[in-house]
Each structure stands twice: as C-alpha cells, then as structure tokens.
Amino acid sequence: MKPKIKRPTITDIAERAGVGIATVDRVLSGRRKVREENVRRVFEAAAELGYHATPVIKYRLQQHVSQATFGFILPKKNQNFYQNLTAALQMESESFPHLNVSVKFHYLETQDPSEHAECLRALGREVDVIAASTVDHSLVDRSVSDLAEQGIPVLAFLNDFSSSIRRKFIGLDNYRAGRQAAWMFSNTTRKPGTVTILVGSQLWQAHQQREMGLRSFFRQSAPSFNVRDAVLNLEARKITYDMVKDIVASQEDLTGIYVAGGGGEGAINALRDSGAAGHIRLILHPITEETRNALDEGIVTMIIGTPIDRLSRHLIAEMAAFILGHGDQPESQILLSPEILIPDQAQNRGFLHTDFG
C-alpha cells in the first residue's frame, strides 16, 4: 500500500513564504488588504508546494497589479522586421512585472504626415501611453502636443520626431550607423569611387542622421570617395529595384550603395539581375532572412541591424515607468549600438556579430 501523500496546508505555505498564518488566510479570503510583496511571496510559496488554491492566490495578486494599455505605431505591417518587432514588444509587455499590460498596435499605410498625426490622435483615445515610429513633421508635433496636454505621454522609437515635445527616444545611434557604413566602404574597396545613398524620405530623421554620419566619415577619413546626393526610394522594393538598376548602368565609377532605410531587398535583386553582385559594395538595414541570405551569397557586404530584444526591453521599461509614476528621468534618449552582421570569411562559419566603434 502506497503511503498517503500529505497535501500542503496554509501552515506549510506560511512557513515557506516567511509570513504568518493569518497573512495567508487574509490572502485566500480577500477580506482584508495585504501588501503586494506578501501576496507575491504567498503565491510563489503556494506554487512551489502545489497548493490546490494557487489560482485563487494568483487572482489576488493580479488585483494588486496596476492596469495599463500600451499603444504602438509602426510602419509596414507585412514586413518581416516589423513582424518580429511586434512579437518582441508584445512579449515584453505581457511579461513586465508589477503591471498588467494590454497592447494595441496600429500600422501606417503611407508616409503622409496627416495619416501619422491622425493615427496618434486615434490611438490616444484608447491607450495610456504611446510609443511611435513616425515621420518628423509639424502635423505630428501638433498631435503629440495635444496628447501631452491630455496626460498621455508619447515616446519615439526607431525614428525620432517632435524632439522638443515627445518624452523620450529609444533607438539606434543612427549617426554612428552611417559612419560604420562609410568605414566598411572605405576598407573593403580597392580604389575610391562613387557611393550612392538611398533614403526613404526627408521626413525620416533616422535616415538623415545615417546620411550625415556617412558623409562625416568620408570627409574626415576618406575624402577621395565621392558621395552623391541622396536618392529617395520611399522604402519601396520595386522603386529601389528600378533605381539601383539605373544607378549601376549610369555610374561607371560606382563602388558602393547604402540603403539607409527600407527597400533593400530591391537593391539585392537589382545587383543580382544586373550582374554587378560582388563588384559593388551593398550595405543596408535591417537584418532579415532575405538580407542574411544575400550576405551569404556575397551580394551584401554588411547589414546594420537594430537589436530588437534590447530595444523592446528598454522601450517597455520606459513606458511602464510613466504608468508607475517615475517616468521623467533626465536623459531624453537611449541610443543603442547598431548590430553589425558581416560574412565570417576567415572561418567560413556563417556570420559574425561585431560592433565597429
């Protein structure tokens, strides 16, 4: 006959949690308020012991936790990078301690500032705090200012905007990213030539900062390179494809192309179809399966990526700070080092993550 297994009691829970039996009883009954810290200790002890009423204790714990709704505005819902970022933001939001978070995502369809401004206003009616990646424009400034007056903080991520009004920016050090692209061009090209840069729009501050960094490095360290005026590709794959085909055909001394925003897949296909792959250096954003494959093929020289996990952790922590009452920290931005992906040619083992300072 098997010995009867002793079921845990509230005495066992109290002993494991380091609290009194009366505290455990109050948590279970819900008749009197118990400090959140003690409710959490009781819950953890009950879960470890396999106590039958653990779900009740979990419910009591959730009653102590503040509720919040986070809103996110992102471009290009169907792009792989933004899908991965959406998943990471949702996971970080749902797992944030001491806060019960629900999330709402809105995706932009165009680069029209009026659409971005309206999206901010609409989301502001549904959430407690907003994190947005939108264009830098006076219409957006007005919406951010209106939301601030309503007590809804707006944070910028990926692309900065409304810098005098928004609460904080979290994203890449984009100026540094541009300099890293220039460093790679100058150190992997046999002789100086022309470098062409493609940007999504003059309204994306991140793209402008990357272009500034690129030009700054060439002026200081490789002045024999010629950097042409930036070309707008609207971050569209088809437009980028046509542009790069024309650039390759018309610029005899072309040595490098830097796609500072989206649409890089179009550049990959254009170099492949024109027979210029491997002869012209191509540097682009972001890290996706398609850009990784092109790196492996030798079409792409370097990919400059955003560290999605680090970005998500910082962003959710900052949004939560406003809800929990300590959101006005002194720094106005959190700049993340770009994640660099290059071929690991020395060992031929796929890819090498590194960071060029």
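Student: What does Ile268 touch, not counting residues up to four places away in sequence?
Tutor: In this predicted model, Ile268 touches Leu282, Leu284, Glu290, Thr291, Ala294, Ile299 and Val300. Contact here means heavy atoms within 4.5 Å.

Student: Why is Ile268 called buried?
Tutor: Buried means under 20% relative accessible area. Ile268 has a relative accessible area of 1%, so the residue counts as buried.

Student: Which helix holds Ile268, and which residues of that helix are buried?
Tutor: Ile268 is found in helix α11, which covers residues 264–274. The buried residues of α11 are Gly264, Glu265, Gly266, Ala267, Ile268, Ala270 and Leu271.

Student: What covers the buried residues of α11?
Tutor: The cover includes helix α10 (237–250), strand β9 (254–259), strand β10 (281–284) and helix α12 (289–297). Just after α11 comes Gly275, with a positive phi of about 80°.

Student: How far apart are the C-alpha atoms of Ile268 and Leu123?
Tutor: They are separated by 36 Å, and the two residues are 145 residues apart along the chain. For another pair, Ile170 and Leu311, the separation is 141 residues in sequence and 7.0 Å in space, C-alpha to C-alpha.

Student: What makes Ile170 a buried residue?
Tutor: The relative accessible area of Ile170 is 0%. The cut-off is under 20%, so Ile170 is buried. Ile170 is found in strand β5, residues 169–172.

Student: Which residues is Ile170 in contact with, leaving aside its neighbours within four places in sequence?
Tutor: The contacts of Ile170 are Leu155, Ala156, Phe157, Leu158, Leu311, His314, Leu315, Glu318 and Ile334.

Student: Is Leu158 buried or exposed?
Tutor: Leu158 has a relative accessible area of 12%, which is under 20%, so the residue is buried.

Student: Where is Glu235 found, and what is its phi?
Tutor: Glu235 is found in the loop between β8 (231–232) and α10. Its phi is near 60°, again a positive value in a residue other than glycine. The relative accessible area of Glu235 is 10%, under the 20% cut-off, so Glu235 is buried.

Student: How many cavities of 30 Å³ or more does a search of the whole structure find?
Tutor: The search finds 1 cavity of that size. About 280 Å³ of space lies in the largest cavity. Of the 22 residues that line the largest cavity, the closest to its centre are Phe81, Tyr82, His207, Arg210 and Glu235.

Student: Which elements supply the lining of the largest cavity?
Tutor: Helix α5 (80–95), helix α9 (205–221) and strand β11 (302–305) each supply at least two residues. The largest share, 3 residues, comes from α9. The lining divides into 9 nonpolar, 10 polar and 3 charged residues.

Student: Why is the pair of Phe105 and Tyr107 called stacked?
Tutor: There are 5 aromatic pairs by the rule that ring centres lie within 6.5 Å. The rings of Phe105 and Tyr107 have their centres 6.4 Å apart, so they pair. Their planes are at 15°, which is under 30 degrees, so the pair is stacked. Ring pairs also link Phe72, Phe105 and Tyr107 into a cluster.

Student: Why does Phe105 count as buried, and what does Tyr107 count as?
Tutor: Phe105 has 18% relative accessibility, under 20%, so Phe105 counts as buried. Tyr107 has 23%, which lies between 20% and 50%, so Tyr107 counts as partly exposed.

Student: What is the average pLDDT of the protein?
Tutor: The average is 89, and 91% of the residues score at least 70. Over residues 345–355, pLDDT stays under 50. For that stretch the model has 24 contacts beyond four places in sequence.

Technical notes: Residues numbered from 1 in each chain as written. Predicted model: local features only at pLDDT ≥ 70, side-chain atom pairs only at ≥ 80, totals over all residues. Heavy atoms only, no water. Phe/Tyr/Trp six-rings, centres within 6.5 Å; stacked < 30°, edge-to-face > 60°. Buried < 20%, exposed > 50% of the residue type's maximum accessible area, 1.4 Å probe, protein only. Helix = DSSP H or I, 4+ residues; strand = E, 2+ residues; numbered from the N terminus. 1 Å grid on protein atoms, 1.4 Å probe; cavity = no way out; pocket = protein on both sides within 12 Å on 5 of 7 lines; lining within 4 Å. Points joined across faces, edges and corners; volume = space filled by probe spheres on them. Nonpolar A, V, L, I, M, F, W, Y, C, P; charged D, E, K, R; others polar. pLDDT = per-residue confidence, 0-100.
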